[in-house]
Amino acid sequence: MANRRCLQSLTRYFQSSKTLIPLSHIRAPASIYFLPQSQNPEPINRICNRFSASPHRFLFSRHFSSTDDDDDTDESDDEAEETENEAEEAVLSAEDKDREAAEIGYKVIGPLQESDLVFKPYEPVFAIVQIGSHQFKVSNGDSIFTERLKFCDINDKLILNKVLMLGSKSQTIIGRPTLPDAAVHAVVEEHALDAKVIIFKKKRRKNYRRTKGHRQELTKLRITDIQGIEKPEKVIPLKTEKKEKLKKLAIEAI
């Protein structure tokens with residue numbers, strides 16, 4: 001390996017030395033104008049301009065694989081992407097926002113009012129909902145964390161349209177792939193950040209190490225209602241029935 005590197009460095013050096021300009025032409029520009037025409041093909045101004053325009057042709061330097069310029073370019077790319085996303089959000093109209101939200105799998109109804117009684121007691125019904133590229137099994141009263149949802153604020157009411165399956169004690173409905181008449185209602189409770197994830201990159205023997213951290217933006221949803229399936233009536237548990245029977249028997253005995 002060492003001999004191969006020496007050979008590569010020597011070949012680079014000799015290739016670069018072919019394009020070098022003699023020091024006499026650079027240090028003594030006045031003497032060039034007194035040379036014959038055959039020995040003075042170009043004036044010194046052109047030579048100096050060529051040297052200043054492309055100095056890497058005349059100087060031999062070794063390039064390392066890891067530099068600080070990579071970090072600067074990565075940061076500038078991230079800033080450019082953020083500005084582009086902000087500009088897109090500012091330009092989008094209401095119809096475009098609704099269309100983009102429908103593609104993800106939800107629809108914003110409006111802010112939650114004090115008079116709205118959206119939170120209901122637990123019902124033995126479940127639904128499988130798709131939000132973006134993730135699927136969740138939910139019942140009313142459950143809370144789920146999804147990736148940050150656009151165009152919605154805290155205490156906004158949502159309708160999750162992409163319902164893949166509904167189920168209860170009496171029946172099960174499977175979509176192909178979704179159920180058009182089903183809907184799951186939810187309320188946005190908060191926008192938060194997930195735990196930090198460390199991204200470490202390394203290339204051995206190249207003096208290359210990069211460490212970055214990432215915190216995914218999340219949205220917390222509270223499921224309030226599931227529609228599109230028959231909900232079973234409330235059944236009195238057996239224990240209470242036995243207690244009532246025992247009370248009746250005791251009263252009759254007295």
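Q: Which residues does V138 touch, not counting residues up to four places away in sequence?

A: This is a predicted model, and contact here is heavy atoms within 4.5 Å. V138 touches V125, F126, A127 and V129, and also I144, V184, I223 and I226.

Q: Which residues have the most contacts inside the largest nonpolar core?

A: A nonpolar core joins buried residues such as Val, Leu and Ile through side-chain atoms within 4.5 Å. In this structure the largest one has 24 residues, and V138 is among those with the most contacts inside it, along with A127, I131, L166, V184 and L221.

Q: Which elements give two or more residues to this core?

A: They are β2 (125–131), β3 (134–138), β5 (156–160), β6 (163–168), β8 (183–193) and β11. The largest share, four residues, comes from β2.

Q: Is K220 buried or exposed?

A: Buried means under 20% relative accessible area. K220 has 17% relative accessibility, so K220 counts as buried. K220 is found in strand β11, residues 217–227.

Q: What is K220 in contact with, leaving aside its neighbours within four places in sequence?

A: K220 is in contact with S143, I144 and F145, and with V187, V188, E189 and E190.

Q: Where is the place of Q113, and how is Q113 classed by relative accessibility?

A: Q113 lies in the loop between β1 (106–111) and β2. Q113 counts as partly exposed because its relative accessibility is 45%.

Q: How many residues apart in sequence are Q113 and D156?

A: They are 43 residues apart in sequence, and 9.3 Å apart in space, C-alpha to C-alpha.

Methods:
Residues numbered from 1 in each chain as written. Predicted model: local features only at pLDDT ≥ 70, side-chain atom pairs only at ≥ 80, totals over all residues. Heavy atoms only, no water. Buried < 20%, exposed > 50% of the residue type's maximum accessible area, 1.4 Å probe, protein only.
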